[in-house]
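Dear colleague,

I am handing over the structure below, and I would be grateful if you kept it open while you read my notes on it.

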Amino acid sequence: MTRSVDDPLAALANLPTIAHPTVSPDGEEVACYYDVSGRNELHVIDVETGERTRWSDGEVPRNARWFVQWGADGDRVFFHRDEAGDEQNDIYALTREGEVEPIVEMDGQTVIYDVGTDGETLLFGSNRDGQMNVYRHAFDGDTTKLTDYDRAVHGAIAAPTGDRIAYATNETDDFDNRDVYVANADGSEPRNLEIGEVGAEAIPVDWGPDGSRLLVGDNTDDLGRVGVYDTAADDSEPITWYGDGEYEEVPVSFLSGGERIFAERTRGPLAVPVVYDAATGEGRELDLPEGVTTLPPMGPSEYAVGDDRLLLQHTTPTRRPELLVYDLETDEYETLLEAEYGPFDPEDFADAEYVTFRSDGVPETPARAVEHAPSEELEIGALLYDSGQRPSPLVVNPHGGPRSRDDKSFDLYTQVLVSQGFSVLQVNYRGSTGRGREFVERLIDDWGGAEQGDVATAVEHVLETRDWLDDDRVVVFGGSYGGYSTYWQLVQYPDLYDAGIAWIGLTDLEDMYENTMPHFRTELMEKYLGAPDENPTLYEERSPITHVENLSAPLLIVHGVSDHRVPVSQARLFRNALEDAGFEAGANGDFEYQELGEEGHASTDRNQKLRMFRQVGEFLDRRVPDRSDGE
């Protein structure tokens, strides 16, 4: 295991990491973030030779959270730059010669949506005026606001003909709804395509090369599905759906001049690439090893390397992400950029066992904060990583989002915990993605409810069925919504845990509503909980801060001071409430508190990752002792 390395935390933090690979317009190069030099930098890889060239020299952010996008001419790459990880991005361009220039400098958060094929315009989203809306920037200097909606606008893409744009937003009273619109290039005459039913979510993904067909996704039938909408059709059935509805599928892009459709299929804990013939509807999974094969879902990316080859990113729980080029005609692939392992081998890492169990959202462990009636009993999936320690302490690691899931990909934080002797449990509680709209919507109006019961039930299940786990050394550790879960597990089910680590987590839901970014306010808080004045009891009851007196295990609170998603006030308020309730802070106290300077909502920077790893490891050393000798 990784514990054979002298300093596994430093070695793991220093493993070079690939982020946001994107194919150039001519299909001959791939731009990506890569920190092989010790700092995140922009690299460009020649697809045929594999030669890698570094374009940047410290100009790009240290944290590789935000994606990059090629210019239409292939001679420059656009990137997001913020200050100290605060995500209040401006847009910059970097040329092959290493020249950097600001493209869009604007108050608030700015996000690249698309680059016009004419090479003259850039579509981006910004919350400058409050809500996230669409803007167009002409490279001659003019910036124009194209939309002005009360709800956030998602995923704007420009037609290759340059005369139209497509985007998604919601003008209904149903907060769960999202519709696809097509408008003129200047934002005028927007038309709702009315894909699916009200209350479902639809989104545009890619234009066909002729500018008439639009690749879309929708979850009207529960599981996500892939469709092509013909905007030039004059009949009542302008959309063609693909797949048999057995699995959740997400559209990715058109391929081969629009003759093929690339999609991602979820099968349990796996992500599998699928290609459909656009004319016949025939689809097939690509022939790749079991694991997670995809590209990062944030932001626009090009995947085609010529007409019949695809850029893919593949990973498993024990194999770090690497870039592949897949030939659709021969079903063979080659590695474009191999993962680096430093002093490790893949077999040094812990593999993931997929575990399922039944849960009605009410565990046997007593609820100390809020009593719940049983919800519908569901099969819940989880991943269990065995550290090999006997007996083994356990870290329960709820995912963030909450609209997300854990899958069979390489998880650095999991391997860090395993290196410290802990087995790790990750739970895809109700509300997680990959199982359709109904499963996701079970979390609406119920934060801190049945989904947290699923987490606690998962802990009970593995403790009962794996006698090698030590039920006297159980820790809960999560970030973002996983941080909320950590706080909530500790105040709702304190009898279950011996320690907790809450990282960038939510504690006071009303304060979160008032201080998060506008699009998180509407698309996260109001979507799931309504507004505080509409549901004041829910906001108060489901806030961990309301129940601080229930804390009975040592707690480490960690939060970045530059966080605009989950503001640092969330940590400060909880710390103050603990102190007011008589809890003592300090290394030997009831809780420990750490604010991270120059950091926002987590970071991929090597030094900042190592800082977090050290804090977690040292806390576990102090608070969950005697791991190495099994006593």
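In what follows, a helix is a DSSP run of H or I that is at least four residues long, a strand is a DSSP run of E with at least two, and both kinds are numbered from the N terminus. Please keep in mind throughout that this is a predicted model.

**The chain as a whole**

By that definition the chain has ten helices and 36 strands. Its radius of gyration is 24 Å, close to the 25 Å that the globule rule gives for 631 residues, so the chain is as compact as a globular protein of that length. Along the principal axes, the C-alpha atoms fill a box of roughly 65 × 55 × 45 Å. Of the 631 residues in the chain, 62% are buried, and of the contacts with a separation of 6 or more, 57% are between residues 24 or more positions apart. The chain exposes about 23,700 Å², of which carbon and sulfur atoms supply 40%.

In soluble globular proteins, nonpolar side chains tend to be buried together. In this chain the largest nonpolar core has 63 residues, and those with the most contacts inside it are L394, W447, Y497 and L555. Apart from it lies another core, of 41 residues, which includes L9, L15, L412 and V475.

How much of helix α7 is buried? Helix α7, residues 518–529, is mostly covered, with nine of its twelve residues buried. Among the buried residues of α7 are H519, E523, E526 and K527, along with L524, M525 and L529. What do these buried residues of α7 pack against? The partners are β13 (154–158), α3 (437–441), α6 and α8 (536–541). After α7 comes G530, with a positive phi near 75°.

Helix α9, residues 569–580, has twelve residues and reaches 16 Å from its first C-alpha to its last, close to the 16 Å expected at 1.5 Å a residue. In α9 the buried residues are Q570, A571, F574, A577 and L578. Seen down the axis of α9, these buried residues fall within an arc of 130°, so they line one face of the helix. They pack against α5 (481–492), α6 (509–515), β35 (555–560) and β36 (591–596). After α9 comes G582, whose phi is also positive, near 95°.

A residue counts as buried when its relative accessible area is under 20%. S253 is found in strand β21, residues 248–255, and because its relative accessible area is 6%, S253 is buried. Leaving aside neighbours within four places in sequence, S253 is in contact with V205, D206, L215, R260, I261, F262 and Y303. Q69, in strand β5 (residues 68–70), likewise counts as buried, at 6% relative accessibility. Although Q69 and P21 are 48 residues apart along the chain, their C-alpha atoms are separated by 9.3 Å.

**Backbone details to check**

Where are the cis peptide bonds that I would ask you to look at? One joins R390 and P391, with omega about -10°, and P391 is found in the loop between β30 (378–385) and β31 (392–396). Another runs from G401 to P402, with omega near 0°, and P402 is found in the loop between β31 and α2 (412–419).

Two residues have a positive phi although neither is a glycine: H20, at about 60°, and D331, also at about 60°. Are they buried or partly exposed? H20, in strand β1 (residues 18–23), is buried, with a relative accessible area of 9%, whereas D331 counts as partly exposed, at 29% relative accessibility. D331 lies in the loop between β27 (322–327) and β28 (332–337).

With best wishes

Definitions and conventions:
Residues numbered from 1 in each chain as written. Predicted model: local features only at pLDDT ≥ 70, side-chain atom pairs only at ≥ 80, totals over all residues. Heavy atoms only, no water. Core = buried A, V, L, I, M, F, W, Y, C linked by side-chain atoms within 4.5 Å. Buried < 20%, exposed > 50% of the residue type's maximum accessible area, 1.4 Å probe, protein only. Contact = heavy atoms within 4.5 Å. Expected span 1.5 Å × (residues − 1). Arc of directions from axis to C-beta. Rg over C-alpha atoms; globule rule 2.2 N^0.38 Å. Areas by Shrake-Rupley, 256 points an atom, 1.4 Å probe, with all protein chains shown as cover.
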